[in-house]
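Please open the model in your viewer and keep the selection tool at hand. The stops below are meant to be taken in order.

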Amino acid sequence: MDFVRRARPHRFAVPEAISLTCYAVLVTFLTWFHQPWVDESQAWLLARDNSLGDIFLKRLHYEGTPGLWHLLLWIASRLHLSFTAMHWFTALIGVATAWVILRHSPFPRIARIGLPFIFGFVYQTAIIARSYSLVPLLAFTLCILLTGKKDRPVAFAAVAGLLANCALVPAVMSSGFVALYILRRLSQRCQRPAQTEQSTLQKAAQPHLALAGAVLLLLWAGAIYTALPAPDVTFGRAGLITSHPQFARALSYLTNIPLSHAAAVTPLSSPLATPAPPPVSRARFLLNHAMFVFYPISSSIILGVAFYLLFFLWIFRQRALAALLPFLVTLIACPALAFSTHHASLPLTALVATLWIAWDVAAAPIRSDWKDRAFAAVLLIVMVEQIGWTAAAVRLGMRVPFDGSRDAAQFIATEVGSQRIAGFEYYSVAVEPYSESRVFPNQDTAYWPWRNAIDPDNHLPQVVQERPAYILLGERFEGTVNQYGPPLPQSVREAPSAMHQYILEHGYHITHRFCGTQPAHFGNSEEICEVIFQPES
């Protein structure tokens with residue numbers, strides 16, 4: 001693959017300025033009305049309530065993620081910026097990403113103008129304040145560095161290392177970009193300049209390459225270390241790893257976190273245990289998990305299949321197979337490291353990056369034959385559909401809140417007052433950022449610990465016996481859209497949890513529900529409710 005950038009001008013004229021202005025107005029409007037959900041609150045609370053040493057040496061081992069986002073939030077909290085300021089910072093990142101697309105991407109003008117408005121670059125990265133908000137900006141900066149005429153190895157290493165410190169999947173994506181950069185270096189060497197000139201260039205580049213390698217390895221090592229799970233973590237798939245004693249001991253040694261011998265594990269026979277899902281065949285399991293490939297592209301499987309066929313054919317015809325590396329490694333990492341509807345911007349970003357690199361180096365990106373024209377038409381249809389997802393999300397957001405935690409926090413502040421309230425389930429911590437003091441005395445920290453020994457849910461029976469004036473239970477229900485194809489039946493999606501049933505059966509009744517609906521495609525991915533229980537009179 002020829003990585004030498006061809007002279008193709010990038011104009012930022014009136015149409016691009018209008019697009020950027022419209023994007024900034026849209027993001028400002030949505031940020032103003034956005035009600036943050038629990039993942040946004042968890043990161044803020046963790047950064048607010050811990051020292052920098054505790055965050056990187058201990059707490060991130062319970063989150064399963066590197067700490068670039070938490071570092072930024074720690075700085076913001078020490079500057080006495082508010083929880084709301086985090087969202088305006090995220091909006092600025094989104095506007096910066098839109099500017100990079102409009103100013104530097106090699107796509108035709110109609111694509112550049114419309115691309116910032118797709119759902120993944122509006123709601124999932126510019127509105128929802130998480131570490132994934134940094135990924136498009138960093139990934140597209142790597143595209144600029146990869147296709148630029150001047151080689152900047154130190155800058156490339158720094159940006160690739162920062163991308164690795166966003167989250168686990170971006171860390172894998174970063175390795176794809178680095179592999180692509182190495183191929184670029186080999187491609188340039190194969191151009192065989194004059195021997196004297198080649199020797200001079202190699203000698204001049206060696207210190208920069210050595211420094212770049214050191215920077216990259218240092219940032220990668222930091223990402224790997226901070227993402228190592230603690231030996232007693234209960235978060236997601238990390239809990240499956242730490243359930244094996246050998247792995248738990250190894251992780252205890254690597255993270256310097258002692259094994260917990262007093263873990264209060266809820267037995268499977270407990271009435272609070274979540275029932276195991278019904279078994280499915282291996283073929284059905286593989287089919288369900290293969291569906292995620294189409295989820296970031298289109299609501300239609302047919303359109304998704306057509307897109308991928310034409311996309312891979314176009315890459316092959318452009319002789320740009322190497323450009324697939326960031327996208328392919330991201331596709332592999334998503335199901336391996338856990339993929340949900342909230343992660344759809346990651347493979348989408350990698351896909352746009354692959355298109356960016358291949359398009360930039362192509363002599364004729366779209367030729368006059370039917371294959372390239374069909375690919376261009378499908379690309380346009382996919383982009384229009386995803387802009388439609390954004391419009392549907394705005395329409396849904398005008399009818400119902402994104403999350404109910406802000407309304408629940410207001411209820412607690414005005415109605416509960418000094419009376420005791422207990423909180424259960426991870427989603428309950430979403431109300432904590434709105435209070436200067438800890439809301440739930442039954443929880444040791446404002447953020448969720450993800451540690452079995454101090455898991456508040458394990459103590460529900462004891463708390464219910466103490467008869468607090470209020471109990472708040474955070475609940476999540478599947479929406480009409482998910483990454484694995486058709487959703488569960490509505491009766492199954494809305495079935496109350498075992499903890500919900502336990503509270504009802506022990507003298508409490510529901511008095512208030514504060515719910516939010518999170519948009520996805522032309523529907524919603526989930527509904528999250530803060531449910532308030534009070535004792536029966």
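This is a predicted model: local features need pLDDT of at least 70, side-chain atom pairs count only at pLDDT 80 or more; totals for chains, interfaces and linings use all residues.

Residues are numbered from 1 along each chain as its sequence is written, and side-chain values use heavy atoms, with hydrogens and water left out.

Begin by selecting Trp69, Leu115, Phe140, Phe156, Phe177, Phe307 and Phe311, which touch the most other members of the 80-residue largest nonpolar core. Such a core is a set of buried Ala, Val, Leu, Ile, Met, Phe, Trp, Tyr and Cys residues joined through side-chain atoms within 4.5 Å, where buried means under 20% relative accessible area, exposed over 50% and partly exposed in between (1.4 Å probe, protein chains only). Helix α17 (residues 345–361) gives this core its largest share, eleven residues; helices here are DSSP runs of H or I with at least four residues, and strands are E runs of at least two, numbered from the N terminus.

Finally, select Asn256 in the loop between α13 (245–255) and α14 (282–290), whose phi is near 60°, a positive value in a residue other than glycine. Asn256 is exposed, at a relative accessible area of 68%. Then move to Arg467, in the loop between α20 (460–466) and β2 (470–478), which is partly exposed at 38% relative accessibility.
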